[in-house]
Amino acid sequence: MSRLKKSAFTLAVALAAVGCSDPVDKAAKARIFSPEDPPKVVASAKEKLPPEDVADNPQVARRILGMDAAEVTERLGPHRYQATLGYEWTSEASIPVKLTETRTFRAGPGGVSGDFHGVLENSRDQGLEVMRVGGRCSPATGMAPSASACATEAWPSAPARS
């Protein structure tokens with residue numbers, strides 16, 4: 001048999017095999033190569049919840065008030081949050097002790113899987129700075145080192161670090 005005939009025969013067998021594929025195989029291939037569904041929290045965050053219905057519709061109110069932190073983060077998108085707290089401890093035997101603490105959190109795009117930067121500073125020049133960039137969490141330079149800071153993710157549902 002010549003090379004041309006062997007090549008033609010091989011091509012014919014291959015085309016026959018492709019043309020006679022099993023419907024179960026076709027369905028399996030369609031499932032395997034179809035786009036994945038988004039994670040539940042991302043899908044939930046895309047649900048429209050009209051704020052004007054909160055007062056009149058208890059289901060909408062419960063849905064909004066029952067959101068977890070991951071869904072709220074997905075809905076907010078990139079944002080910045082800052083809070084300042086003041087503490088004062090007093091006793092009759094000593095002078096009052098005052099402490100002011102400022103917490104700043106910046107969330108980048110990507111929701112719960114995105115980058116973030118958190119800073120905690122106080123009036124006694126103590127603090128903590130943690131950031132996640134590109135999926136890797138690390139303490140930032142210039143602040144008190146804390147190994148436990150990177151062991152804790154911003155949200156419980158955040159993906160594991162590599």
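Colleague: Is Y87 buried, partly exposed or exposed?
Modeller: This is a predicted model, where local features need pLDDT of at least 70, side-chain atom pairs count only at pLDDT 80 or more, and totals for chains, interfaces and linings use all residues. Residues are numbered from 1 along each chain as its sequence is written, and side-chain values use heavy atoms, without hydrogens and water. Buried means under 20% relative accessible area, exposed over 50%, partly exposed in between (1.4 Å probe, protein chains only). Y87 has 33% relative accessibility, so Y87 is partly exposed.

Colleague: Which strand gives the most to the nonpolar patch?
Modeller: L85, Y87, W89 and V97 form this surface patch, with about 340 Å² of accessible area together. Patch residues have over 30% relative accessible area and no salt bridge; nonpolar side chains are joined within 5 Å. Y87 lies in strand β1. With 3 residues, the top contributor is β1 (residues 79-91).

Colleague: Where is D125, and is D125 buried or exposed?
Modeller: Phi of D125 is near 55°, a positive value in a residue other than glycine. D125 sits in the loop between β3 (116-122) and β4 (127-133). Its relative accessibility is 78%, so D125 counts as exposed.

Colleague: What pLDDT does the chain average?
Modeller: pLDDT is the predictor's confidence in each residue, from 0 to 100. At least 70 is scored by 75% of the residues. The chain average is 79.

Notes:
Patches are made of residues with over 30% relative accessible area and no salt bridge: like charges are joined within 9 Å, nonpolar side chains (Val, Leu, Ile, Met, Phe, Trp, Tyr) within 5 Å. Accessible areas come from the Shrake-Rupley method with a 1.4 Å probe; for residues, only the protein chains shown count as cover. A salt bridge is a side-chain nitrogen of Lys or Arg within 4 Å of a carboxyl oxygen of Asp or Glu. Helices (H or I, at least four residues) and strands (E, at least two) are DSSP runs, numbered from the N terminus.
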